[in-house]
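Look through the structure below before reading on. The paragraphs that follow take it one part at a time.

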Amino acid sequence: MKKYKAASILMIIHGAFMEIGGCLCVLPLLFMSKDGFNIEQYSSFIVPYFRDNLNLMLIIGMIYGIIRVIGAVGLWKNKLWGLALSVINCVITLALMSFMLPMGIIDGVLAGSALILILIQFFGNKNIIEN
């Protein structure tokens, strides 16, 4: 049970502070600039499509963050749907992190750590083949 709590804390930090908080910090800059805020000068992705559509990436980041926090709350409350949503979210993040370099490295560390904790707690000391 302790590992689920630790994983949910990692996911809340990842979702609330990195994803949602990061997007909310950039929104005022988008609205306050007269001639348009060029976020590309502060952030870059290795995939040109992501780099050219960073405004849309902010929206996608918000959605991922909200879903991650919802899964973390479900995991914290020991709900099976929270476990499933958290595992799905961690696996998707690990699959997509290489497209979001350099920021994807932190995503991979947090999502990978949370996934490892979830799997260790779920499977425990069970062997693959019981003797």
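A polar contact is a pair of N or O atoms within 3.5 Å; within protein, one of the two must be able to donate a hydrogen and the other to accept it. In this predicted model, the side chains of Thr-93 and Arg-68 are joined by such a contact, at 2.7 Å. Thr-93 lies in helix 4. Is Thr-93 buried or exposed? Because its relative accessibility is 8%, and buried means under 20%, Thr-93 counts as buried. Setting aside neighbours within four places in sequence, Thr-93 is in contact with His-14, Arg-68, Asp-107 and Ala-111.

Two of those residues, Asp-107 and Ala-111, are among the buried residues of helix 5. Helix 5 runs over residues 104-123 and has 20 residues. From first C-alpha to last it reaches 27 Å, close to the 28 Å expected at 1.5 Å a residue. Other buried residues in helix 5 include Leu-110, Ala-114, Leu-115 and Ile-118. An α-helix has 3.6 residues a turn, so residues three or four places apart point the same way. After helix 5 comes Gly-124, which has a positive phi, near 60°.

In soluble globular proteins, nonpolar side chains tend to be buried together. The largest nonpolar core here has eleven residues, among them Met-11, Leu-75, Cys-90 and Ala-111. At least two residues of this core come from each of helix 1 (2-32), helix 3 (54-76), helix 4 (80-96) and helix 5. Helix 5 gives the most, with four residues. Cys-90, a member of the core, is in contact with Met-11, Ala-111, Ala-114 and Leu-115, leaving aside its neighbours within four places in sequence.

Conventions:
Residues numbered from 1 in each chain as written. Predicted model: local features only at pLDDT ≥ 70, side-chain atom pairs only at ≥ 80, totals over all residues. Heavy atoms only, no water. Expected span 1.5 Å × (residues − 1). Buried < 20%, exposed > 50% of the residue type's maximum accessible area, 1.4 Å probe, protein only. Core = buried A, V, L, I, M, F, W, Y, C linked by side-chain atoms within 4.5 Å. Contact = heavy atoms within 4.5 Å.
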